[in-house]
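Biologist: I have the model open and would like to go through it piece by piece. Please give me the cut-offs as we go.

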Amino acid sequence: MKQENSKYIRWFDSLRLEDIDRVGGKNASIGELTQAFRKEGIRVPYGFAVTVEAYQEFVRRNGIGALLEDRTKLQMIGQKVREAFLSGGLPDSISKEILRAYRDLGRMRNGRLDVAVRSSATAEDLPNASFAGQQDSFLNIDGERALLDSVVRCFASLFNDRAISYRDTRGFDHRKISLSVGVQEMVRSDLSVSGVMFTLDPESGFPDVVVINSTYGLGESLVKGAVNPDEFVVFKKTLHSGLRPILKREVGSKERSLVYDPIRKSGLIEVGVGPEDRRKLSLSDEEVLNLAKAGVLVESHFSRRREKQTPMDIEWAKDGLSGMMYLVQARPETVHSQRRGNRAGGETRYMIEEVGPVLARGKSVGVSIKTGLARVIESVDDLQDLRSSEVLVTTKTDPDWEPVLKRAVAVVTDRGGRTCHAAIVSRELGIPAVVGTGDGTRKIKTGEWVTVSTAEGEEGVVYQGVARFRTETLSAVSGFPLKTRVMLNLGRSDQAFQHSLLPNDGVGLARMEFMISSGVGVHPMALVHFDRVKDSETRKKIEELTEGFDKKEEYYIQTLSEQIGTMAAAFFPKPVILRMSDFKSNEYSGLLGGKEFEVHEENPMIGFRGAFRYSHPAFSEGFRLECEAIKRVRLEMGLENLRIMVPFVRTVEDSKNAILELEKNGLRRGESGLEIWMMCEIPSNVILAREFLEHYDGFSIGSNDLTQLLLGVDRDSEILSSLFDEQDPAVRLMIRSVIGAAISAGKPIGICGQAPSDRPEFAAFLVREGITSISLSPDSVLRTLPILERVERGDSI
């Protein structure tokens, strides 16, 4: 059946991006999606656009144009303008064409008449302004009268208070903006799931991932922040046939779902979600990967069409009747895509130093720290109470709140994910937000001083009182080609995307034990031998963590592989050197179930740790889980830039056993390019460096343990702290010796201890000795780079 276009109606398959002036940004993008991806198997709900000419004719016929002349008074008379729209009548010439197209759409759908009616302004979904939620859209509109009424309500929403305020703030002339309306077949996601995906990380701007949020029911509840959704992260660069680079699967609480009203013909209601569905992920791995592939295709297409890299913000929905996945709309991302030049240069980094008690935790939006008096807003009627530079604390925000959000210094919500309205607007305003806290409105009191920190990774934190923090403005690097590679020391994968934007040559030390303690939380042997865990409270916690996994071991492998994979993806294809677990027995004992599997040691610093532990019967089954996680990262995710490093190797025999244990678990040196490094941190490693290096691809000096063992000083002893010095002549002699041995053997050697980060003169000493790489803490990179440059130039420091 052929659909006819007219002055007032344009079907989606006849539209392209160039039609924005005629059908607005949203409809032009939907038309582009419809035309471009029909052959790719990507489904877009079909429909038509009511053109800008229809809106303009409506304004002319109803004498509304005169009200729009004085833009300075428009905000004061917004209500009067809206009333003029709502009391006006659609000219017959327009309503007849709308209804003819609506009937044609119903015939194509075997009589189904439920549609989405979406506003599409000519200044909307632009690369430099999202206008997210500024005009109204209506879902499950069923029937001719309801459709025509919704079209007029869309027209009127061009002049609601939030849209007027948004345009005023960004300098758009109200008189030059018109509105089109999209009429699109409904995807029955009320019977399934829906969500939003970004083709970059929306917080750091890291460009190589797709971030997907998902919830049950229609997507409006997610966009408006009414639910805490599931979140998935997929790495783009290895997203091809046979590889499955899912870096994150996080279950959201998904308390409620937006569905069709079973009583009213047109309408929606919120219903509760059962506990079993809330606890499980709403998408399968296959669905996540397919969505991510579609997102990458959309980004690639829009980038070609716009002749520049264009990260996308895409809404998607799964039809519960057909089981088919649809892309509902797509718009350019508007925050990070506008940044130009060196990502590190000119940006401000925030480092928290001293804090009060934690009041609330949630998802972090933005990367900054702000303090202010809290203002708890329970309803829209209380919004006038919000004062300039206060912290807005509320259940969720709504697009109507946009005019007053500009007063807030930070935002805290009980509900919502990283793609909800509060998150999108906070990014555009450049203020931090902590969303999805669950109980922020209960824990935070109006009038108390709070600090909102979104600078500590994916988790945002609200602290009581005024925290002490410092800032550092990142200046662009000189571009001098350093011979010495500058790498990073990292432990938390949730900060990896942000840190990857620093000047670096990769990660010299990725601390697995940090990932285990903060991400996994359970002793591996407690999962392998759950029957040996006797404490009932511990068993309960482990059961909760591992719910939904076929085997308890799989929880450990998947969670750890996601943490490691995120780190490797953030720096891909640069090398990421992962140190295998180096917990001491007292630290392992602190994990859930750990007390059942660890012995008490008087001096765990030189006890059951490192390489010796890996092949020992008391731990080898747990070590196997580490190896499985690493194999998954390298083989399933395709992140072959991951290297591994064995810590605390006491003897050459110990070294051989560790290599054999790795091989037994499928990690063979040289296979698929796998490099295995060794920590050089025991005096025996230096004395027998040549013998140790025969078994490894490189050394990384652990100056902390090396200094401790060489000087006989407990590095954790406060009373001996004045004796602990990496610059002691004996330590320098050992380091000089092992650098020379590695150079003679033709093997790379780096250092991953703390000394180069804290002491520039020590970093200079290492460069002069010919070290291959220096691994630094992220906050010391920019101040250390000029020192290394001066040393390599032969200048004094």
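Biologist: Which residues of helix α24 are buried?
Modeller: We are looking at a predicted model, where local features need pLDDT of at least 70, side-chain atom pairs count only at pLDDT 80 or more, and totals for chains, interfaces and linings use all residues. Helices (H or I, at least four residues) and strands (E, at least two) are DSSP runs numbered from the N terminus, and buried means under 20% relative accessible area, exposed over 50% and partly exposed in between, with a 1.4 Å probe and protein chains only. In α24, residues 703-711, that test picks out Ser703, Asp705, Leu706, Thr707 and Gln708.

Biologist: Which elements are included in what covers the buried residues of α24?
Modeller: Contact is the criterion here: heavy atoms within 4.5 Å. The cover includes the helices α22 (683-687), α25 (729-745) and α26 (755-758), along with the strands β28 (698-701) and β29 (749-751).

Biologist: How does the aromatic pair of Trp11 and Tyr46 count, and with what geometry?
Modeller: Rings of Phe, Tyr and Trp (its six-membered ring) pair if their centres lie within 6.5 Å; planes under 30 degrees apart are stacked, over 60 edge-to-face, and the rest tilted. The structure holds 16 such pairs. Trp11 and Tyr46 have planes 20 degrees apart and centres at 5.5 Å, and they count as stacked.

Biologist: Why does the pair of Trp11 and Tyr46 tie together parts that are apart in sequence, and how many residues lie between those parts?
Modeller: Both partners are buried: Trp11 has a relative accessible area of 1%, and Tyr46 has 15%. Trp11 belongs to strand β1 (residues 9-11) and Tyr46 to the loop between α1 (20-36) and β2 (47-50), so the parts they tie together are apart in sequence by 35 residues.

Biologist: Which residues does Leu105 touch beyond its sequence neighbours?
Modeller: Leu105 sits in helix α4, residues 92-108, and is buried at 2% relative accessibility. Its C-alpha is 9.5 Å from that of Val115, which is ten residues away in sequence. Not counting residues up to four places away, Leu105 touches Trp11, Tyr46, Gly47, Phe48, Val115, Val183 and Glu185.

Biologist: Which residues are closest to the centre of the largest cavity?
Modeller: On a 1 Å grid over the protein atoms alone, a cavity is a set of points where a 1.4 Å probe fits but cannot get out, and lining residues have an atom within 4 Å of a point. Points are joined across faces, edges and corners, and volume is the space filled by probe spheres set on the points. This gives five cavities of 30 Å³ or more, the largest having a volume of about 190 Å³. Out of its 20 lining residues, the closest to the centre are Arg118, Ser189, Gly219, Ala317 and Val328.

Biologist: How does the lining of the largest cavity divide by residue type?
Modeller: Ala, Val, Leu, Ile, Met, Phe, Trp, Tyr, Cys and Pro count as nonpolar, Asp, Glu, Lys and Arg as charged, and the others, Gly among them, as polar. By that scheme the lining of the largest cavity has eleven nonpolar, five polar and four charged residues.

Biologist: What is the bridge partner of Leu373 in β20?
Modeller: Two strands pair if DSSP finds at least two bridges between them. In β20, Leu373 has as its partner Trp449.

Biologist: Which two residues are joined by a cis peptide bond with omega about 5 degrees?
Modeller: Most peptide bonds are trans. The exception asked about reaches into the loop between α17 and β25 (576-579), where Pro573 is found. The cis bond, with omega about 5 degrees, joins Phe572 and Pro573.

Terms used: Residues numbered from 1 in each chain as written. Heavy atoms only, no water. 1 Å grid on protein atoms, 1.4 Å probe; cavity = no way out; pocket = protein on both sides within 12 Å on 5 of 7 lines; lining within 4 Å.
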